[in-house]
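The stops below are meant to be selected one after another.

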Amino acid sequence: MKDHESTPLADFEELSPEAMLAASEEFLASMKRRHSVRHFSDRPVDRAVIEAAIAAAGRAPSGANHQPWHFCAIGSADKKKQLRELAENEERAFYEGKAGEDWLDALSPLGTDANKPYLEHAPWIIAIFGQRKGGIDGDESQQNYYVPESVGIAMGFLITALHQAGLCMLTHTPKPMSFLHDLCDRPKGEKPYLLLVVGYPADDATVPLHSLKKKPLDQIASFI
């Protein structure tokens, strides 16, 4: 390996094979309880919980460790109202023809439509942006690398952290999402990737049966 500044790995915690298997099975059981919901309670969620989850997402690996992401946590009622209006404008165009029949047929078992009340009702909406430039020091002249891959991994960390904290989420991707630049006061050079709706499930929350159909291990993995 090429010479570089480094420090000893001092905080790795090794588990016994038995504890390792138990931990992996416990985590799998927890993730089986993760569901995307579309009916949220308006119960408040402490900002400190959101901060800790975003900080966990910030620990994700990234190309050249440039950490090319920004998370805008929206808790203001006024901002969420604006967000819903802007997103539903795009969604109406989507469902009225932009999507195409195949896409709409694929969405049909989930019962989705252009109405997105959860964008206004849930306590937090996290808008996630990818940064094409910036480097580790925020130098706009420096190129970032593997941005989609890095942001995707960080989003996975964020969803997992929020689930582990006892919250429900919904991933939402209105297209286009360029309205988020002005709403979140973010540079035009950043790319909006996702809106993550976060909160407690409503008392009458449901889960589409279609979403419970998960591919078995032998369809998603091979061991060679």
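The tour goes from a helix pair to the nonpolar cores, then to the cysteines and a loop.

This is a predicted model, in which local features need pLDDT of at least 70 and side-chain atom pairs count only at pLDDT 80 or more, while totals for chains, interfaces and linings use all residues. Residues are numbered from 1 along each chain as its sequence is written, and side-chain values use heavy atoms, with hydrogens and water left out.

**Stop 1: two helices**

Select residues 47–57, helix α2, and residues 147–164, helix α6. Helices here are DSSP runs of H or I with at least four residues, strands are runs of E with at least two, and both are numbered from the N terminus. The two axes come within 8 Å and cross at roughly 145°; axes are lines fitted to C-alpha atoms, for helices over the stretch in contact, and angles run from 0 to 180 degrees between N-to-C directions.

Now show side chains. Ile50, Ala53, Ile54, Ala56 and Ala57 of α2 meet Ala154, Phe157, Leu158, Ala161 and Leu162 of α6. Contact means heavy atoms within 4.5 Å.

**Stop 2: the cores**

Select Phe71, Ile126, Leu158, Leu162 and Val198, the residues with the most contacts inside the largest nonpolar core, which has 24 residues. Such a core is a set of buried Ala, Val, Leu, Ile, Met, Phe, Trp, Tyr and Cys residues joined through side-chain atoms within 4.5 Å. Buried means under 20% relative accessible area, exposed over 50%, and partly exposed in between, with a 1.4 Å probe and protein chains only. Elements giving two or more residues to this core are α2, β1 (69–74), β2 (124–131), α6 and β6 (190–199). The largest share, 7 residues, comes from α6.

Centre on Val198. Beyond its neighbours within four places in sequence, Val198 has contacts that include Phe40, Ile50, Trp124, Leu162 and Cys168. A second, separate core of 21 residues includes Phe40, Leu83, Leu119 and Leu180.

**Stop 3: cysteines**

How many disulfides does the structure hold? There are 0, a disulfide being a pair of cysteine sulfur atoms within 2.5 Å. For Cys72, the nearest cysteine sulfur is that of Cys184, 3.6 Å away. Cys72 is buried, with a relative accessible area of 16%, and Cys168 is buried at 18%.

**Stop 4: a loop**

Finally, select Ser108, in the loop between α4 (101–107) and α5 (118–121). Is Ser108 buried or exposed? Ser108 is exposed, because its relative accessible area is 53%.
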